[in-house]
Amino acid sequence: MENSVYVASAEGFTGKSAVALAVLDALSRRVERVGVFRPVVRTGSGATERDYVLDLLVSHDAVTLAYNDCAGVTYDDVHDDPVAALETILERYHRVADRCDAVVVIGSDYTDVASPTELAFNARVAANLGAPVLLVLNAAGRSVADLVALTDMARVEITGNHARLFAVVANRVTISDPVVLAAGLAAGLEGPDAPLVYALPDEPLLSAPSMADLVPACAGTLVAGDPALMDREVLGVVVAGMTMPNVLDRLTEGAVVVTPGDRPEVVLGVLMAHLSAGFPQVAGIVLNGGIALPRQVVRLLEGSGATLPIVATDLGTHETSTALTAVRGRLTSASPRKIAVALALFAQYVDADTLLDRLDVARSTAVTPLMFEHQLTDDAVRDRRHIVLPEGEEPRILQAADLVLRRGIADLTLLGDPVRISAAAASAGADVTGARIVDPSASDLTERLAAELLERRRHKGMTAEEARTTVQDVSYFGTLMVELGLADGMVSGAVHTTAHTIRPALQVVRTVPGVSVVSSVFFMCLEHQVLVYGDCAVNPDPDPEQLADIAISSAATASAFGIEPRVAMLSYSTGASGSGSDVEKVSVATELVRTRAPELLVEGPIQYDAAIDPAVAATKLPGSPVAGRATVFVFPDLNTGNNTYKAVQRSADAVAIGPVLQGLRKPVNDLSRGATVRDIVNTIAITAVQAQRGGVAQ
């Protein structure tokens, strides 16, 4: 197994788990089957607790192996018999490698004291696995000279044990610009076998503890709030030993507020501030001193539906604050915000293509669902666009917005009441401070957008007052922002109907010249390829002209997202084998496509099996450039299309991304009302890419 990399460090607290996760994520963009292996796992009391680093890596969507398959031996095994432990490691590693196209191996952990013996053991393991070493350094407070010396010492251990150092990542840089430091470190390591060198800045969020981490540190108990928000990161401690106005002045984003239980006014004031648009969102409250809140306040909290976690401890103020500030956080599988930040930092400061090229990782010809999703987000990040989200008070939208902002997928505008958005974000544990929030009922833009709508709808009898009222509807407001260039695209539909999303677009944005109908496609991500299905969401019974429009628009959408369009015009009959009005409709539509887009490869009427299966195609339509190789499937009506995409989604375990609207001059996309946070992130990325391509459907 040559396509493997051994992520190691020469000391503790380097953040190598974040780097290993990012390397794994980068590999998942190139190959189908990515494996993970941890030669030495750390277990908890009773050997039942999972190694949190291995648990983090196996939770990545690209990894299909079970946790136990990816674990080597324990620290006790190594201490008892290092030779036998190494033999076991090799055996278990090859079981993983035989099932994967690439493997990320992550070395053992350290205490806060560097251990040459431990690095030497990791180097011996890497040499036996044939895996080049990516060395992660803790650059906090260190100069270039410090890091050069540290790397040289580590390289002696690595090469002395017959392993190869191929890359160095200086992590948690604090006293220099990461790009400048990386250049200086690379210059200091020049030579015939010089490693690749990168540097990442320190990001406090990545080492911040969660509220759940603080509970055992102060021997606390959750007494109020939503347990799901205990995963929220804590970025500071505020000891509220002053009057309420002074407490409010000292609140900071992500802080935990420490106050005695007999200060209910502080608890209520912090809760109100947490839900208000003008104050930072805190992570939680810790009641110290073993004093319970008055029962009247408890009843008030229960009745208010407050979700902010409140923890009680018997420790005093000084003991509590000391215990909380001493806790160091981890990057775990339950840290979605940390994961998003870690991946975004790596993407910004590391040339992943060069890194993988040095590993000689060949790019897979197949496209898995995860690889397609990566392609979407990578394209969106590369040329970031501005997307407006009309449903700014919906928790799923807010959680998706948090991830989109952290990963740099798009700039965002959220529409809605700022106070309600702030309260909803606080309840959902989402940080959307990086988004612009606009209230259509009170915005300076409202009059401008109303005037624009009036100009476009005056011929339909719309009055100025009706325009002002209409534009305060979030769908109209967002659509007009897109039309006037105040946003590049819009995503809606998590709580609104498809009609509510599309109607303003038809009235304001309108269709591409030469296209008579707005339609939709789903990207059907199968195990090894991505297909395009249209129209499965909008048009109940398109006529031949509309069906041709759908085919041409679907082919353009496919091409814009890197899928070579070979269009199958589906029917219950192939070629001239059948007759009837339904077959005739598809035949006419196929000829219209050939006339209007002669460059397209199109076949129809054709049955689904002949379109996708080469063996069936050889019998039914031998010599066809589309049959058996189709990538774009155009269904004759909504009944067929909607049922087929859902059948394939469920029975083939496919990932269906969409619906993606097409035929509009500017991108507006509709969500399913059952859309998950992941669905919403994908749709925002698709909309951003459509905006880059000028709307896609031409």
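Trainee: Which residues line the largest cavity?
Mentor: First, the term: on a 1 Å grid over the protein atoms alone, a cavity is a set of points where a 1.4 Å probe fits but cannot get out. A lining residue has an atom within 4 Å of such a point. The lining of the largest cavity is Leu-229, Arg-232, His-274, Val-282, Ala-283, Leu-308, Pro-309, Ala-426 and Gly-429.

Trainee: Which pLDDT must side-chain atom pairs have to count?
Mentor: Residues are numbered from 1 along each chain as its sequence is written, and side-chain values use heavy atoms, without hydrogens and water. This is a predicted model: totals for chains, interfaces and linings use all residues, local features need pLDDT of at least 70, and side-chain atom pairs count only at pLDDT 80 or more.

Trainee: How much space lies in the largest cavity?
Mentor: The structure holds 1 cavity of 30 Å³ or more. Grid points are joined across faces, edges and corners, and the volume is the space filled by probe spheres set on them. For the largest cavity, that space is about 40 Å³.

Trainee: Which strands sit at the edges of the 5-strand sheet?
Mentor: Strands (E, at least two residues) and helices (H or I, at least four) are DSSP runs, numbered from the N terminus. Two strands pair if DSSP finds at least two bridges between them. The open sheet runs E8-E12-E11-E10-E9, with mixed pairing. Each edge strand pairs on one side only: E8 (221-224) and E9 (236-239).

Trainee: What does the twist of the sheet E8-E12-E11-E10-E9 average?
Mentor: Axes are lines fitted to C-alpha atoms, for helices over the stretch in contact, and angles run from 0 to 180 degrees between N-to-C directions. From one strand to the next, the twist averages 30°.

Trainee: Which strands are the edges of the 7-strand sheet?
Mentor: This open sheet has the order E3-E2-E4-E1-E5-E6-E7, and its pairing is parallel. Neighbouring strands are turned by 15° against each other on average, direction ignored. The edges, each pairing on one side only, are E3 (71-74) and E7.

Trainee: What hand does the β-α-β unit with helix H7 have?
Mentor: E6 (residues 165-173) and E7 run parallel, joined by 5 bridges, and Val-168 stands opposite Val-197 in E7. A crossover is right-handed if, with the strands pointing away from the viewer, the path from the first strand over the helix to the second runs clockwise. E6, H7 (residues 178-188) and E7 make a unit that is right-handed.

Trainee: Are the residues of E7 buried or exposed?
Mentor: Buried means under 20% relative accessible area, exposed over 50%, and partly exposed in between (1.4 Å probe, protein chains only). In a regular strand the side chains alternate between the two faces of the sheet. Leu-196, Tyr-198 and Leu-200 point one way from E7, and Val-197, Ala-199 and Pro-201 the other way. In E7 (residues 196-201), 6 of its 6 residues are buried.

Trainee: Which residue does a cis peptide bond join to Pro-659?
Mentor: Pro-659 is in strand E22 (residues 655-662). Omega of its cis bond is about 5°, and the partner is Gly-658.

Trainee: What is omega for the cis bond of Pro-605?
Mentor: Pro-605 lies in strand E20 (residues 601-606). Its cis bond is with Gly-604, and omega is about -5°.

Trainee: What is phi of Phe-13 near?
Mentor: Phe-13 sits in the loop between strand E1 (4-9) and helix H1 (16-27). Its relative accessible area is 45%, so it is partly exposed. Its phi is positive, in a residue other than glycine, and is near 60°.

Trainee: How far apart in space are Arg-503 and Pro-659?
Mentor: Arg-503 lies in helix H22. In sequence, Arg-503 and Pro-659 are 156 residues apart; in space, C-alpha to C-alpha, they are apart by 16 Å.

Definitions and conventions:
1 Å grid on protein atoms, 1.4 Å probe; cavity = no way out; pocket = protein on both sides within 12 Å on 5 of 7 lines; lining within 4 Å.
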